[in-house]
Amino acid sequence: MIQVDISLTREAGDWPEDAEWLAERAALAALNAVWDPADGPAELSVVLADDALVQTLNRDYRGKDKPTNVLSFALTEADTPDAEDAPIMLGDVVLAWETLVRESAEQGKTLSNHLCHLVVHGVLHLLGYDHEVDAEAEEMEGLEVEVLATLGVPDPYATNSPSGAS
């Protein structure tokens, strides 16, 4: 069984009451799929934000002056913890409320399913998965679909609507 501490913060946005619960559940599902308990305890944060905050972060850290649905800031390349049993800091996942709402409507998905997808997507980025080349995208999307199925969330890539997470 994995040991993980997930910090959830509401920074901005009109997030529903169950957003933290959904985000924590989705993050745990992603970690359960790929995190090896032998690697020790882990820690990550999920930030529920709005488009303005995500746009600022996207501009400052990625050079893209626009909001996006989810940003991941991985810390796994940092040195291992000094203390033997200290958790490995995986990083931060930041979600944009208005973009999530807009994409959910455009793609005909429930807010809760899309939220779960974006959290799973973001956590997988923290763990080194990417989608810049086709083979990596196929692997990551396949893993997302598997993880989301454990949460009862349908395949987000099964429709002809625009891509779910970026």
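Tutor: Before we start on this predicted model, one term is needed: two strands pair if DSSP finds at least two bridges between them.

Student: How many residues of β2 are buried?

Tutor: Seven of the eight residues of β2, which covers residues 42–49, are buried, so the strand is largely enclosed by the rest of the structure.

Student: What hand does the β-α-β unit of β1, α1 and β2 have?

Tutor: The unit made by β1, helix α1 (residues 19–34) and β2 is left-handed.

Student: Staying with α1, at what angle does it pack with α4?

Tutor: Helix α1 and helix α4, the latter being residues 111–126, pack at an angle of about 45°, and their axes are 8 Å apart. That angle makes α1 oblique to α4, and the crossing in which α1 passes α4 is right-handed.

Student: Switching topic, where is N69, and is it buried or exposed?

Tutor: N69 sits in the loop between α2 (51–62) and β3 (70–74), and with a relative accessible area of 1% it counts as buried, because the cut-off for that is under 20%.

Student: What does the N69 side chain make a polar contact with?

Tutor: The side chain of N69 makes a polar contact with the side chain of E103, at 3.0 Å.

Terms used. Residues numbered from 1 in each chain as written. Predicted model: local features only at pLDDT ≥ 70, side-chain atom pairs only at ≥ 80, totals over all residues. Heavy atoms only, no water. Helix = DSSP H or I, 4+ residues; strand = E, 2+ residues; numbered from the N terminus. Buried < 20%, exposed > 50% of the residue type's maximum accessible area, 1.4 Å probe, protein only. Polar contact = N/O pair within 3.5 Å; in protein donor to acceptor, adjacent residues only side chain to side chain. Right-handed = clockwise from strand over helix to strand, strands pointing away. Axes fitted to C-alpha atoms, helices over the stretch in contact; angles between N-to-C directions. Parallel < 35°, antiparallel > 145°, perpendicular 65-115°, else oblique. Left-handed = near helix turned anticlockwise from the far one by under 90°.
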